[in-house]
Amino acid sequence: MNGGQFATSDFGGNLMFGLKIRVSGAKLRAIDTLRANVMIADADLKITYMNASVKSLLAEVETELKAELPRFSMETLLGSNIDVFHKNPSYQRDMLAKLTKPHNATIRVGGHAFDLLVTPLMKGGRPEGFVVEWSNAKERLLNTDYRNQMEAISRGQAMIDHRAAPQAHPPLPHPRNGKRQLPL
Ligand code: HEM
């Protein structure tokens, strides 16, 4: 592969890099076999490539995505402009135009959450396209929830221990009558 150069697909299954240098079948198949979910858009923000993993990731949730984004369809996704999926496309356009390094984001759509890693494919100081690695954020968020719950449990435990501590002391004698009393 031509180290980090702009990649496009000619829709006939040939992935092109830089000045339309054809990537050999083996390299193209390698990207297609990755478990990483890879999507590429060109400088106009038109989706020019999706590997097999991203296709199945999105196909699994197509119905839910469609409910929120009626223009979302696996049939037409390749070749679509991403503007149609963004509520306020100028926000993404501005952000992408200024991007010079990878950007992490978590998006929520159709009841699903995805972690995106958006990397500009720079040429001559300008982005010539964008590669996006998608991952389903469900497991990460479940783990975060689990971690929060564990932290809450240990906080709760600490609170119980803290409350339990004074009762562990024997009743104190009253300063005037000397009778033993429980701490307040
Ligand atoms: C290569 C293709 C794509 C690029 C470069 C891209 C880029 C971005 C960026 C930069 C953000 C903003 C992240 C932030 O706020 O930090 C975003 C948000 C979002 N993207 Fe995309 N995106 C792409 C494809 C898609 C597709 C195919 C969908 C359809 C499901 C989509 C749906 C969303 C949604 C729902 C948000 C949340 C904000 C909003 O609704 O506008 N994106 N995207």
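This is a short walk through the structure above, from the whole chain to single residues.

The model is predicted: local features need pLDDT of at least 70, side-chain atom pairs count only at pLDDT 80 or more, and totals for chains, interfaces and linings use all residues. Residues are numbered from 1 along each chain as its sequence is written.

Start with the whole chain. Its secondary structure comes to 5 helices and 10 strands. Helices (H or I, at least four residues) and strands (E, at least two) are DSSP runs, numbered from the N terminus. Of the 184 residues, 14% are buried. A residue is buried if 20 or more other C-beta atoms lie within 10 Å of its own, exposed if 12 or fewer, and partly exposed in between, with C-beta atoms placed from the backbone. Two residues are in contact if their C-beta atoms, placed from the backbone, lie within 7 Å. Among contacts between residues at least 6 apart in sequence, 41% join residues at least 24 apart.

Now find the sheet. It is open, has 5 strands in the order β5-β4-β8-β7-β6, and its pairing is antiparallel. Strands pair if DSSP finds at least two bridges between them. The edge strands are β5 and β6 (103–109), and each pairs on one side only. From one strand to the next, the twist averages 25 degrees. Such angles run from 0 to 180 degrees between N-to-C directions, and axes are lines fitted to C-alpha atoms, for helices over the stretch in contact.

Antiparallel β4 and β5 are joined by 3 bridges. Met39 stands opposite Met50 in β5. Leu45 lies in the loop between these two strands, β4 and β5. Most residues other than glycine have a negative phi. Leu45 is not a glycine, yet its phi is positive, about 70 degrees. Leu45 counts as partly exposed because 19 other C-beta atoms lie within 10 Å. Helix α2 (residues 52–60) lies across β4, β5 and β8, and runs at about 100 degrees to β4.

β6 and β7 pair in the antiparallel sense over 7 bridges. They form a hairpin with 2 residues between them. In the turn, Gly110 has a positive phi of about 55 degrees. Val109 has His112 of β7 as its bridge partner. Of the 7 residues of β6, the number buried is 0, so β6 lies largely in the open.

What lies in the largest nonpolar core? It has 13 residues, and those with the most contacts inside it are Met39, Ile47, Met50, Phe130 and Val132. β4 (37–42), β5 (47–50), β7 (112–123) and β8 (126–136) each give two or more residues to this core. A nonpolar core is a set of buried Ala, Val, Leu, Ile, Met, Phe, Trp, Tyr and Cys residues joined through C-beta atoms within 7 Å. Leaving aside neighbours within four places in sequence, Val132 is in contact with Met39, Leu116, Leu117 and Val118.

Next comes the ligand. The residues that surround it number 19, and the closest are Ala41, Phe85, His86, Ala105 and Ile107. A residue is near the molecule if its C-beta atom, placed from the backbone, lies within 6 Å of it. At least two residues of this shell come from each of β4, α4 (89–98), β6 and β8.

End at Arg140, in helix α5 (residues 138–168). Arg140 is partly exposed, with 13 C-beta neighbours inside 10 Å. Arg140 and Ala113 are 27 residues apart in sequence and 9.9 Å apart in space, C-alpha to C-alpha.
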